[in-house]
Number of protein chains: 2
Amino acid sequence: MVVDWGIVEANLERMAARVSARGHALWPHVKTHKSLRWARRQMELGARGLMVAKLEEAGPLARHGMDALYVGYPLVGPGPARRLEQLVAADIRVRVAVDSLAGVACLAQVAQATRAPITALVEVDTGFHRCGVATVEEAARLADALTTAGVLYQGITCFGGHITWRLSDDERRAAVVAETRQLAQWSDDLRARGWAPEVVSQGGTVPTGYLELLSAATELRPGTYIYNDTATVLAGAAEWADCAAWVWTTVVSTPTSDRTVVDAGSKTLAGDGPVAGSFGHLRERPDLVVASLSEEHGVIRARDGGRTGLQVGDRLSVVPNHVCTMINLHDAVHLVEGRRVVGSLAVDLRGAVH
Amino acid sequence: MVVDWGIVEANLERMAARVSARGHALWPHVKTHKSLRWARRQMELGARGLMVAKLEEAGPLARHGMDALYVGYPLVGPGPARRLEQLVAADIRVRVAVDSLAGVACLAQVAQATRAPITALVEVDTGFHRCGVATVEEAARLADALTTAGVLYQGITCFGGHITWRLSDDERRAAVVAETRQLAQWSDDLRARGWAPEVVSQGGTVPTGYLELLSAATELRPGTYIYNDTATVLAGAAEWADCAAWVWTTVVSTPTSDRTVVDAGSKTLAGDGPVAGSFGHLRERPDLVVASLSEEHGVIRARDGGRTGLQVGDRLSVVPNHVCTMINLHDAVHLVEGRRVVGSLAVDLRGAVH
């Protein structure tokens, strides 16, 4: 697996410039890259802080001087409370997403134990139907409970994971407009109840393709933009040339003229379902698809069902469907500039236990 | 993630006894567990050797004294040739699958460089349509090319990956019978051409559920049987009580009464597609399904669409759909006996570079 340094740098700089030009704060999500090198670079380029998907990712960042972290995940129970306490005790400014009274109780426990300020955003559901409260009454109830518990209620957060490549461009634009409208409504309704959000935090790389429509958000949390992938390109949020991470794979078998096998399977590319009929984008041969994956095999076929034209030993580069799960399979990847390997990139946060 | 030692031991002993009782040689596939501890135990219980899916898995096994290895993967080109040479030079008895003249050339190069015996099995396609030659003429041509190149042709190998939980029991039984008939035909046809196979090697845990039907094979290469998983159980090759590996997960959010979110997603369970409508089997609550996975979230719903009845903080155990890809996500797992944690199990071969 390779990552192109130049493309990464261009992606990071472009997003930082675009987001700040619109006055949004940028909180990049590190789960995509899980690398300290890029986390540092994102901070250098003006990120206000970094988002993590779990406390295991926060530990290494905190130990390496990144001291403003948003744990965008509901923390509940004694284990997360203990880990969160350690972060707070190490003077990390921590912000946490919350969508239940059990989540408030966890933060309350840490706030009492540490006597340090902890900030929370109430997660609201804008249509993805994963986490997030469904009504403004519930959001207000959580804001109130947070405040009572000595936790700083700062606003609301959402992730529009339903806005994907599966929609047409018109549908996607409409969905982004709808999310903005919802966030504005949540803000108004909370303000009316005395819980005006200071922060309105919107997640995802796909919405950043429609930056001019994100008028309700005060901050953005794209993750995938650092590397991009097939799903991001097909959602209109990047070009193929912006894809910075791919797998170099070799043809190992050509059993029939219409079926070719390469040495990249689900243990290399990740097993996320097909995007536009393929388990990855074949850069040099968009006329072919990765029709199926075994653990160590990818089966290549032509879109038209005909000959693949490939020979044993041929090399192909595969842009993954979902780069975040692919990166998580690798301890380190080759860092390249163009066709030259310039080093190795550690996936530091992968498998971190805290 | 936890692995139950007692269940593992029972699974290993039962398969060893059943396979040897029928006179088959056993070559367990280590890709499922990737752990030196279990590889050793499989050898102690009478395995003739171990199968690996790639040379990266072979290196650590060889360095720890396991000296009979079957690389069941087509090796082509200079990189694999160099790695194979290292194994042969370390006095490892290596057997390799081959299904092309390019594969023969790779083995020929190693045989010439090392002057050591290398054994090959010609891979034949019995219906999975991944690797493997399609005709006896081609198999005979490869046997001839191997012999000319100084590589020992030993027989044929196959993997019936199409025989899965997706078939009914009757269909699965018919598919196993068909594979046996094909292997017998391949053997007869090759014998008639002077290439009688000494070894007929059949892969997969699912066929071992029909051991009495595997009369054409001389050896079996199950992998998943050590842990089993949802797909294995639904294919009739194991019971739920034989599933030795699962994830303990916690409910982190209950946004609506019919939707619950747990802290196990595709970075924990692997993203292999749904099996019988769920991304994993919920041991304590088979009335519920894992309806979808994000990277760190699993969304739980009731099969009947009603209330899940779960509260934040509840614990559930999830048997994965495909244990091989799940194990590959973890550097180490908790080893338990019943409900007691007795240690840690390293996934030694995960991420091995050689």
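**Close-up views of a two-chain model**

**View 1. The largest nonpolar core.** In this predicted model, the largest nonpolar core holds 231 residues. The residues with the most contacts inside this core are A:L69, A:V71, A:L107, B:L69, B:V71 and B:L107.

**View 2. The surroundings of A:L69.** A:L69 is one of the residues with the most contacts inside the largest nonpolar core.

**View 3. The contact between chain A and chain B.** Chain A gives 44 residues to the contact, and chain B gives 44 residues. On the side of chain B that touches chain A, the elements giving two or more residues are β10 (245–256), β11 (259–262), α9 (266–269) and α10 (323–327) of chain B. β10(B) supplies the largest share of that side, 6 residues. By residue class, the side of chain B that touches chain A divides into 15 nonpolar, 18 polar and 11 charged residues.

**View 4. The axis relating the two copies.** Chain B superposes on chain A by a rotation of 180 degrees, with 0.0 Å of shift along the axis. The RMSD is 0.0 Å. The two copies are therefore related as by a two-fold rotation axis. In chain B, the C-alpha nearest the axis belongs to B:G271, 2.5 Å from it. Both copies use the same surface: 100% of the contact residues of chain B recur in chain A.

Technical notes:
Residues numbered from 1 in each chain as written. Chains lettered and ligands numbered in written order. Predicted model: local features only at pLDDT ≥ 70, side-chain atom pairs only at ≥ 80, totals over all residues. Contact = placed C-beta atoms within 7 Å. Helix = DSSP H or I, 4+ residues; strand = E, 2+ residues; numbered from the N terminus. Nonpolar A, V, L, I, M, F, W, Y, C, P; charged D, E, K, R; others polar. Least-squares fit on C-alpha atoms with pLDDT ≥ 70 in both. Core = buried A, V, L, I, M, F, W, Y, C linked by C-beta atoms within 7 Å. Buried ≥ 20, exposed ≤ 12 C-beta atoms within 10 Å, placed from the backbone.
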